[in-house]
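Keep the viewer open as you read.

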Amino acid sequence: MDERPRTSGSPDPGTPPRTAGGRPYADGPGTAGTPRPTERPRPTEHQRLADRLRTLRSGLRVYGLIAAMWMRSTMTYRASFAMTALGNLAATSFDFVVILLMFTHVDSLAGYSLPEIALLYGAAGTAFGLADLAMGSMDRLGRRVRDGTLDTLLVRPAPVLAQVAADRFALRRLGRITQGLLVLGYALLTLDIAWTPLKAAMVPMMLLSGAAIFASVFVAGAAFQFVAQDAAEVQNSFTYGGNTLLQYPPTVFAKDLVRGVTFVVPLAFVNWLPALYVLGQPYPLDLPHWLAFTPPLVAALCCALAGAAWRAGLRTYRSTGS
């Protein structure tokens, strides 16, 4: 029986054609069918940036909604809110009262007068108050990790960081900001400073950049709690402890400590370096004067590192199973 020879491109009639999604595709050129399925193209840098911006907008929207909910809850009892805010203002004022008591016995502290220390105190207190108002709930993350309530945030279609930061948004923390602004105003009115546009712009820049640096420390501390699970006090040592440290001039402390808060945890960029530029005081560690203009860059770098630490910590989270 005469058989027609098969060519290398013709399929075996007894073998079903290979398919992709139920449809035949071609083995080679000249054969009927659909093309082979190709891999999904990787997103471009522009697409990644657009995704990050969408995530940021979503996070800010969720944060605003949760914070507004807690503010409505707080303002339901306005007398209670007023008393707690005044109590917060009074409690935070005791730190400055201690400084006032010291100056009843001395004329200067490590070469700084009372108004100069008031500038350091007010700048650090206001910057920390802004960060504490926005991100002060981050120290509760360890408790959520331990009892498994973080799982309820993971299943919601919203960024987890925004939900944790806005949880129990406390308007009473406005008392700390008010107290810091009052001391800062006293310092600016009392000091005899040769103001220039650059020095005037340094004050709001110092407050905003300092708040961003403190906020990044809050986020990085919360990321550490994914591993430690009970490290709220460790986080507080860098946030609340750092605020107390910055209320005094750097000449009070040992040089190793000043190096640590300059090059390791860059808290010196919150108020020391920009405020010393405004006051005309010498910089610690003989640092160059142009560093006074770098707090926005340092704040941006700290936020980027804190965001990376948060994402890494969130990936390591394992539910309690409860």
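## A residue in α10

Thr262 sits in helix α10 (residues 255-264). Its relative accessibility is 5%, so Thr262 counts as buried (buried means under 20% relative accessible area, exposed over 50%, partly exposed in between, with a 1.4 Å probe and protein chains only). Leaving aside residues up to four places away in sequence, Thr262 touches Ala268, Phe269, Leu285 and Leu287; contact here means heavy atoms within 4.5 Å.

Before going further, please note that this is a predicted model, in which local features need pLDDT of at least 70 and side-chain atom pairs count only at pLDDT 80 or more, while totals for chains, interfaces and linings use all residues. Residues are numbered from 1 along each chain as its sequence is written, and side-chain values use heavy atoms, with hydrogens and water left out.

## The whole chain

The protein chain has 12 helices and 2 strands (DSSP runs numbered from the N terminus: H or I of at least four residues for helices, E of at least two for strands). Along the sequence, the pattern is β-β-α-α-α-α-α-α-α-α-α-α-α-α. Of its 322 residues, 42% count as buried. Among contacts with a separation of 6 or more, 73% are between residues 24 or more positions apart.

## Helix α2

Why does the length of α2 agree with expectation? At 1.5 Å a residue, its 25 residues (78-102) should span 36 Å, and the end C-alpha atoms are 37 Å apart; the expected span is 1.5 Å times one less than the number of residues.

Buried residues in α2 include Phe81, Ala85, Asn88 and Phe96. The buried residues of this helix pack against α1 (45-75), α3 (114-135) and α7 (174-190).

## Two partners of α8

Helix α8 (residues 197-228) and helix α11 (residues 272-279) have axes that come within 10 Å and cross at roughly 155° (axes are lines fitted to C-alpha atoms, for helices over the stretch in contact, with angles from 0 to 180 degrees between N-to-C directions). That makes α8 roughly antiparallel to α11 (under 35 degrees is roughly parallel, over 145 roughly antiparallel, 65 to 115 roughly perpendicular and the rest oblique). Leu198, Lys199, Met202 and Met206 of α8 make the contact with Pro274, Ala275, Tyr277 and Val278 of α11.

The axes of α3 and α8 come within 8 Å and cross at roughly 50°, and these two helices are therefore oblique to each other. Among the residues that meet here are Ala123, Ala127 and Phe128 in α3 and Met206, Gly210 and Phe214 in α8.
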